[in-house]
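Me: Could we go through this one together? Here it is.

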Amino acid sequence: MSDSDISPQFSSKMSISDYKKIIQDADNYFNDNFTYIAIDEIVKLRADFFDTLLLHLWECAELTSDNISLNAVGGYGRQTLHLHSDIDICVLFSQTLTPQEESQIGLFFTQLWDLGLELGHSVLGLSEVDKACREDISTATSLFEMRHLTGPKSHAEEVLSRLYGDNLWSSEAFFNAKVIEQDERHQKAQGSAFSLEPNLKNSPGGMRDIQTLIWVTRKYFSAEDMAALRRFGFFTSDEYSELLESQNFIWRTRWALHAAAQRSENRLLISLQSDVARLMGFGDNSHLAIEKMMRQLYRAMRRISELNQMLLLYFKDELLAQTDKKTTLLNEHFEINSRLINARHDDVFVDRTQLMALFIHIAENADDIDGISPQTIRLIRQVRRRLLGDLQDFHRCRKEFISLFRHPEGMGLALSLMLKHGVLASYLPQWREIVGQMQFDLYHVYPVDEHTHKLLKNLYSLKDKPESASLVQPSAVYKAIENKEVLLLAALFHDLAKGRGGDHSELGAVDAMQFAKFHELKPSQAKVIAWLVQNHLLLSLSSQRLDIYDPSEVKNLAKTIGTKARLDALYCLTVADIKATNDDLWTNWKATLLRDLYMSISFALRNGLENVLEQRTIVREHKNEALELMGMGEVSEEIKLLWKRLPLSFFSNAQPSDIARYSQAMIQYPAEHALILLDEGSTKGCSDLFVYMKDKPGLFVTLFNTLASLQISVQQANISKTKDGYVVESLKILDYDQHPIRTAGRRESIKLKLEQVLFQNKKVSKQRLNSNLDSFVSEPKVEFLHSRKKDRTLISVTALDNPQFMSHFCNGFRQFELNIHSAKITTVGEQVDNVFLVSDKDGQSLDDESKQTLKSFFVDFIKEQPTA
């Protein structure tokens, strides 16, 4: 195409309507040829067209003075003028303007406004430039892209000379200002380009990210374009080509968006996506066309974001004088350098397993790492292109992947970087299928991959202090879950089958089961992961559609769910899923409905609906794994005798590693002493206390009162008796500061105090009352549950987390001469759920009269007790 095809023929005798027609004819020409001409040529031709128009109108205003110059700035200064983009111009003058010059400049701008042009303009004296640039980095940035149009060329040369020097902005200060500006822009976009309506200009990976690189390049290299980066070795030819290709796709999308909206618009609104996809040549099949377009757009934005990060890190290392370049060696392959993890040699990823090991290091050193070094990002990009098979093919990669999901910090920065740099897609075939997968409904505001990423991050955040009252209970439930990797892997797979046709929950469950088997997870874990995927909408839909306060509905749900462990995982998954779907969907009302439903189902499960067969499967698996950990091919006689004495709850409630540790300690246990074990609890979020000793009257209340006197809070407890009169007590505890027991000295003092009280019969010091609970209603809820044992009664007592209450419960049991056969205590937020299995003094279950008397005692007596 030649310039003559759109060369405007202007005349001073033309009317406003004549000018408007020429402008419209030119834009019609660009739109008609949009699919045939390269986008970089179109935006330049449009800039050239307006160059001609502005020069003509400048002459018509008789602005031919040696005192005044007209200059293009901003995007127009770069000769990239999109449809409906602002035409940014700057009028410069060297001497004070005369009244006539002011009038002529006013006439010039009036003509532009009369034409209806989107205009960005400024009028500056050369003496004012320094002050304007120092006060506003945006002004300085815009003037950096100044292009002379007419008038004294020396004006533009003088301004650029000042900007390229260090008097107004040093290279370091300019770089820092642009990085801060970019971070703030990304934060406004909630850190993600991958919403269903991305901002093509301001989202991460958008046009501004490319422009940031251009601005820094201009300042540091005095270069007009990014080709300089290739010449100076910051970009390889492939990377430069990739950036241009991605930029051109976003430019084409933006042009089509402006054409469809018939206005300046940077958000790719859902209402316009069908028209944009059609204009770009993706076809008229609305959903399919949009899907194709959005996948390519997300891919381009992800590429730009990655290249932007890599280049800015290179710039930072080049431009900023860093005196604190501390290096920490991790192993022969990796090191931490200035809070970035760095590969120590270029062929590190020849061993593909090191690609997964990189992210394990990031999780293990979460407090010391902010990101990946630019050199290592480049290595990741290179090996990513050469991956012929899936990383899953390597057994060690499979082990590392599961390890990441088991690590307390695995879902933090490590997961985000794995996703950002395409390693998750390289590892998981199903993930590649949902990258950019649109969700055509009224609820989801993110494509499937970004929604899943946010879901995992939501679960990860539950381990911290709740950000709102609506998350207090989900957070408490999440912290108490033992095998968090089961829940996290279910979260990973919950939507991975979307877009295939059919029920994505059922298809995803099949994928999850195959994944679990391939990664050698235990059968019970595989079963739960698949079940969670298949039923991940169960609680959410039930809370919306059913009467959750109808006992029959709750009973049916409890039968479907089957176990408390499944309920806990499903509850946390549901909360995180809703929040990741759309922040507006998570309300206090929704939180209340789900909490009430969770508590009702939990009660129903305790009341005899829990799946016994599944519990037996877990017991069998835990025993076998514990034997492996103890290095036993088969059960030794000592272990066989010990395990025969222990209740099944010991094996179902403890982890295999704990079963192995406790069992080995118990077979060496001298009968005349109490066995007390207390671990560090550095990675579990709480410390494990284990007590094994001969039962004696009041042991239960003595143990809890002793811990309360030490300002230890019990988060969870499982207490049961052996067949020969011993007590097995496994408790999860937190110190006075709500952290695990941190020091060896503190652990030893706790163990010594317990030994003195439990074995030497020393008195417990007076408990300190909990002053934080005085504003809460303190009436406990007492219920009698179904017991499978005819000679036992199961009592549920729910109350505030106050050590005094536990003492009252136990005193009540003693006053009524009840035997405590087992107890389970679970702390959820400010509330404690207590379930006791008891019998009367004759070893029989309680009759109705005794139940009512005991319930009245608890409610009336505890209500009278002060809480502060």
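Loops and helices

Reply: Gln-262 sits in the loop that links helix H11 (237-261) to helix H12 (270-279), where helices (H or I, at least four residues) and strands (E, at least two) are DSSP runs numbered from the N terminus. This is a predicted model, in which local features need pLDDT of at least 70, side-chain atom pairs count only at pLDDT 80 or more, and totals for chains, interfaces and linings use all residues. Residues are numbered from 1 along each chain as its sequence is written, and side-chain values use heavy atoms, with hydrogens and water left out.

Me: What is phi of Gln-262 near?

Reply: Phi of Gln-262 is near 55 degrees, a positive value in a residue other than glycine.

Me: And is Gln-262 buried or exposed?

Reply: Gln-262 is exposed, at a relative accessible area of 65% (buried is under 20%, exposed over 50%, partly exposed in between, with a 1.4 Å probe and protein chains only).

Me: Switching to helices, at what angle do H30 and H32 pack?

Reply: Helix H30 (residues 637-645) and helix H32 (residues 656-667) pack at about 105 degrees, with their axes 10 Å apart; axes are lines fitted to C-alpha atoms over the stretch in contact, and angles run from 0 to 180 degrees between N-to-C directions. The two helices H30 and H32 are therefore roughly perpendicular, a term for 65 to 115 degrees.

Me: Which residues of H30 make the contact?

Reply: Glu-638, Ile-639, Leu-642 and Trp-643 of H30 make the contact with Ile-659, Ser-663, Met-666 and Ile-667 of H32, contact meaning heavy atoms within 4.5 Å.

Key. Angles under 35 degrees count as roughly parallel, over 145 as roughly antiparallel, 65 to 115 as roughly perpendicular and the rest as oblique.
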